[in-house]
Amino acid sequence: MKQHRTIAVLLSIVLQGLGQIYNRQWLKGILFMLLEVAGFIYIAPRLGGAIWGLVTLGEKTQKFVKVGKVAQMVKGDHSIFLILDGLIILFLVFVLLGVYVWNIADAYRNGKLRDEKKAVNTFRQSYEHATTFYFPYFMLALPALGVLFFTIMPIVFTVMLAFTNYSAPDHIPPAKLVDWVGFKTFVDLVKMKSWSHTFVGVLVWTIIWAVLATVTTYFGGILVALLIEQKGIRFRKLWRTIFIIPYAIPQLISLLVMKNLFNGQFGPINQYLGYFGLGGLPWLTDPFWAKVTVITVNMWIGIPVSMVLILGILTSIPRDLYEAADVDGASTLQKFRIITMPFILFSTMPILIMQFAGNINNFNVIFLLTGGNPAKGDYQFAGATDLLITWLYKLTLDNNKYNVASAVGIIIFLIVAIFSIWNFRRSKSFKEEDMIQ
Amino acid sequence: MRKWKNNVRLTLSYALLLLISAVAIYPALWVVLSSLRPGGSLYSEHFWPRQFTLVHYAELFTSKAYLYGTWYLNTLKIAVVTMILSTILVTLSMYALSRFRFRGRKTALTVMLVLGMFPSFMSLIAIYIILLQLNLLDTHMALILVYSAGAALGGFIVKGFFDTIPRSLDEAARIDGASHLQVFAKIMLPLSKPMLTYVALTSFTGVWGDFIFARLVLRTKENWTVAVGMWDLVNSLQNSNFTMFAAGSVLVAIPITLLFIFLQRFLVQGLTSGASKG
């Protein structure tokens, strides 16, 4: 006896919701049906155009046509809007297909219940069933939609741009069309002298920066934390609160302030150097000193975070370890080397790696402080302190080289992804998450 | 001998602590003093001004060229709405990911992690065009929408926190007949106050600090946020109007810095709960 489930499934395939109605789940069936009708009305007239747009990226450019005596502008195809419109339609189709599959599965399940001579759920029961067993899905639905349309789709869109020739000056819609070019952008980035020189230069500095920025703030944080936690130091809470101030001030503000502090002509830092009879330094205008400045300022901002973190860990080190070490006559340095440091390293390793990955993408410090400058003549649209990420920003917003920018974005992603996934996989919280309790 | 050595160590330590304190406080102090100094220039003869004036603060609100008051209210509005929306979204979704074992859960976690690794403004152009299509450019709605929509991606710390709350608590409540929603509202929420504070605070301050996206979306001066305005102020008139910038900075920094320091305890908990389970 498999009658009911077969009929219900077939009906649901023909028209979403029909199977549910056959199963006498009226309200549910009608809801399904309305959803399909609404989706169909919206998507059907648009789907063909969407696919055409994605494949061809448009065929006509805008041009002036003479109507009588005046030239009139006729709108052409806008390749970039075509990509995005196409994507939105495709994403909607995927969402609706998901609902469609769910509808068929649901028709099957209830048909099966009827075949087994059991009662199907009423709408109220279905609702209760859903909020009990599908509760997590309900909680995740809204955030997931937000992420789908405002994070995933834009990323897919940008990745697609890397395979087009969307860049100034020759391929900017609506005046010109954009075409698919395959991997050409990536090949140019590595092979074309002008691009590859900039790319390699910026990449090397990005990695040097990420290593230095991470290491200096990390060890700086450990040092400050140990200083506070020393035996015999008083007013610990006061020190901690003072040291947390750089972290508490909004980064945007403190970075803009720092930019002024280090101003070569009028800034107070050079003024103080002058008091000691020293000449001012070109803090932000010389390639070498600009690099020193960004790393120093980053320490000022980053050390408090590490300090807070490490203070938390220091309190969790079991006291008896130190007592045992005292009994064995270990010196302070030995205790630090053998107990404290391994403990800190072990518990902060995942965060350290995430900080490294974060520093690769540390846009604010560079952009607000130096803007990537001082400019470098032999670089394409980049300066001496530009990271890949700030270079990407300049390529996009200042120079409209969208395809190169997207390619650089993909490369940044690959670098960061390798570190993070490796880190995530090896971290215990992922592998043995259920073992905590 | 031992005592003498100890004293040297302590003296040195205190000296170092004082030095670090000076470095930590100096920029903030300098900006506050600059904002109270007459004249507009960045350069000043003395660290401690000879005269104090509040004229730059008044100027911020009376000047026709700088709509500082409007920017401030704009930012406050966006920040409050974003804070509420993203706190709700993040806690709901992370609670689901932490407490339930359902199909697609590991995938969801991995997707979250991977998406978090894309440079955030790689999607800038696309979001710009989407907003253009939706007719949302130059509106505050757009900022709120995008900030809140992306909030769930940064929720690992929140998930980590929920993981540490014993599961026996909600199981007991379930046996007593509470629904999932009741368990969440009556048991989990009261327990996660520190985490809620952390999420709310970071999303609130995040809005004050973001200028990249705000600058892209908000075109007219009346709609700007403080961040966009301040950035513009620094870039357009660096030396001539520095004191006004300083006054603006102080007004932005004071409430947020105070919030941070008062809620420090929660922040530390938030940071370390992400760490300790490494």
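User: How much area do chain B and chain A bury between them?

Analyst: This is a predicted model, in which local features need pLDDT of at least 70, side-chain atom pairs count only at pLDDT 80 or more, and totals for chains, interfaces and linings use all residues; side-chain values use heavy atoms, with hydrogens and water left out. Residues are numbered from 1 along each chain as its sequence is written, while chains are lettered from A and ligands numbered from 1 in the order in which they are written. Buried area is the accessible area (1.4 Å probe) that two parts lose on being put together, summed over both. Of the area buried between chain B and chain A, 76% is on carbon and sulfur atoms, and the total is about 8800 Å².

User: How many residues of chain A are in contact with chain B?

Analyst: Contact means heavy atoms within 4.5 Å. On the chain B side 99 residues take part, and on the chain A side the number is 99.

User: How many salt bridges does the rule find across the interface of chain B and chain A?

Analyst: A salt bridge is a side-chain nitrogen of Lys or Arg within 4 Å of a carboxyl oxygen of Asp or Glu. Over all chains the count comes to eight. Across the interface of chain B and chain A, the number is zero.

User: How are H10(A) and H1(B) oriented, roughly perpendicular or roughly parallel?

Analyst: Helices are DSSP runs (H or I, at least four residues), as are strands (E, at least two), numbered from the N terminus. Axes are lines fitted to C-alpha atoms, for helices over the stretch in contact, and angles run from 0 to 180 degrees between N-to-C directions; under 35 degrees counts as roughly parallel, over 145 as roughly antiparallel, 65 to 115 as roughly perpendicular and the rest as oblique. Helix H10 (residues 251-261) of chain A and helix H1 (residues 2-35) of chain B pack at about 80 degrees, with axes 10 Å apart. H10(A) is therefore, relative to H1(B), roughly perpendicular.

User: What is the make-up by class of the contact of H10(A) with H1(B)?

Analyst: A:Val257, A:Met258, A:Asn260 and A:Leu261 of H10(A) meet B:Tyr26, B:Pro27, B:Trp30 and B:Val31 of H1(B). Ala, Val, Leu, Ile, Met, Phe, Trp, Tyr, Cys and Pro count as nonpolar, Asp, Glu, Lys and Arg as charged, and the others, Gly among them, as polar. The contact has seven nonpolar, one polar and no charged residues.

User: Which residues of H6(A) meet H5(A)?

Analyst: The axes of helix H5 (residues 123-133) and helix H6 (residues 135-161) of chain A come within 4 Å and cross at roughly 80 degrees, so H5(A) and H6(A) are roughly perpendicular to each other. From H5(A), the residues are A:Ala130, A:Thr131, A:Thr132 and A:Phe133; from H6(A), they are A:Phe135, A:Pro136 and A:Phe138.

User: Which residue forms a salt bridge with A:Asp106?

Analyst: The two partners are three residues apart in helix H4 (residues 79-115) of chain A, which means that about one helical turn separates them. With the closest N and O atoms 3.2 Å apart, the partner of A:Asp106 is A:Arg109.

User: Where is the proline of the cis peptide bond from A:Asn373 to A:Pro374 found?

Analyst: The bond from A:Asn373 to A:Pro374 is cis, with omega near 0 degrees. A:Pro374 is found in the loop between helix H15 (363-369) and helix H16 (388-398) of chain A.
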